[in-house]
Amino acid sequence: MQSILIVEDDLTYGMMLKTWLGKQGFAVASASNVARARKHIETENVDLILSDLRLPDHDGTDLLRWLAEKQLPIPLIIMTGYADIQSAVQAMKLGARDYVAKPVNPDELLRKIGEALNASPARQPEVPMALAAVTSDFLEGESDAAHQLYNYVKLVAPTTMSVLINGASGTGKEYVAHRIHELSKRAHHPFIAIDCGSIPKELAASEFFGHVKGAFTGALSDKTGAFVEANGGTIFLDEIGNLSYEVQIQLLRALQERKIRPIGSNKEIQVDVRLVSATNENLEQAIEKGTFREDLYHRINEFTLRIPALKDRQEDILLFANLFLDQANREMGKQLIGFDDRACRLLQNHPWPGNLRQMKNTIRRATLLAEGPYVTAKELSELDDPIDTHPSPAILPLRNEETEKQHIIEALRQTGHNKSRAAVLLGIDRKTLYNKLKLYGIEA
């Protein structure tokens, strides 16, 4: 019979789990804090640990660290009433096999217990989809806006259509372009990116089409242009609205005829490229002003993708924050675990006018300054704390049932139905909030 240790300070909830798991055929023991859990693990056989995240003496993450120090390969599943991405990311980074949100779904818990117990000790834990991208250099996100964007990316990528990506500065347009290339039939050929905003007007044609030695002053050798380098693959023109009118004409000809002629050469070169462009401008307004050619616009804009601003992707903010923290850790040789509660609040409520680029720079700076295992509000001092500047529903006391119910509903609305943050706004602990949600029949 396989044994499970439940580490839970809510004795009623722990007893309920213990009874239910016992009926499923497990030998179940319980402990109300980390100290007792350690003592039980040292003296008894334990096949799996089911631990609350918040415990009276330590966090469940402290138990994970202790298991690692003792080199005990016991799978641990974190239970968190907080159910926010930050807690899950932190637990997974420290070696948790999985996590479940309270109140626990019995079928989901039983499935995850089975997966954890049947996994080979040498096998790496499976990372939930919401966290999978945290271990890579890029991620797509879990918000509705991100899902819609990348559904469109998957639809258009296998086609031959020219794509125009529209989005504010810093929203990740080049990553979207690269993703289109990766999912296309050209994925094994080059992806060449050019920032049209940084090319001097007089050198743009040379960058695109190349030149031969002696074609102009300073042309000391032959140069291969981006269209030839990208042959068979994808060429990405960022900030295409910055191109001069003359270069726009040359670009249109190259796209229509699929031929380019290096500057100073009489020889035309056949090219086969797919064009993906990006802009943070309104090109239709540029057409009206006469600064952008309408025929080129229609050529590059067979399909438009619009990238949402970071402030419109609330569910993705902490995912990106942890991604950038991981990158900064590697770059600086540090081992920060994550963000404390107030830092999370600052990140989630900041408007991020500079989008992902601003966030990445902010977190690199915070990682450099951080002295403890977590990034705190101190390292994010450049971000305003909205909780300090906006009144919370708890300003009015919870006097009677109807008042309580309305304040709870308002707190959930303001926090995007994040129950831990709603509890903070209301000035009550999360377990009290859970009880009141149940009492008033509020769907959270």
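**Note on the predicted model**

1. Helix α8, spanning residues 173-182, has K173, Y175, V176, A177, I180 and H181 as its buried residues. These buried residues of α8 pack against several elements: the helix α7 (144-156) and the strands β6 (163-166), β7 (191-195), β10, β13 (274-279) and β14 (303-306). The coordinates discussed here and below belong to a predicted model.

2. The phi of E239 is near 50°, a positive value in a residue that is not glycine. Most residues other than glycine have a negative phi. E239 has a relative accessibility of 13%, and it therefore counts as buried, the cut-off being under 20%.

3. W352 is located in the loop that joins α15 (341-349) to α16 (355-369). Because its relative accessibility is 1%, W352 counts as buried.

4. As regards the overall fold, the protein chain contains 20 helices and 16 strands. Of its 444 residues, 49% are buried. Among contacts in the chain with a separation of 6 or more, 71% are between residues 24 or more positions apart. The chain exposes about 22200 Å², and carbon and sulfur atoms supply 49% of this area.

5. The mean pLDDT of the protein chain is 83, and 88% of the residues score at least 70. Confidence is highest in β6, at 96, and lowest in helix α6 (residues 129-132), at a mean of 36.

6. Another stretch, residues 386-399, has a pLDDT below 50, and the model gives it 23 contacts beyond near neighbours in sequence. Where pLDDT is low, the predicted coordinates should not be read in detail.

Note on methods:
Residues numbered from 1 in each chain as written. Predicted model: local features only at pLDDT ≥ 70, side-chain atom pairs only at ≥ 80, totals over all residues. Heavy atoms only, no water. Buried < 20%, exposed > 50% of the residue type's maximum accessible area, 1.4 Å probe, protein only. Helix = DSSP H or I, 4+ residues; strand = E, 2+ residues; numbered from the N terminus. Contact = heavy atoms within 4.5 Å. Areas by Shrake-Rupley, 256 points an atom, 1.4 Å probe, with all protein chains shown as cover. pLDDT = per-residue confidence, 0-100.
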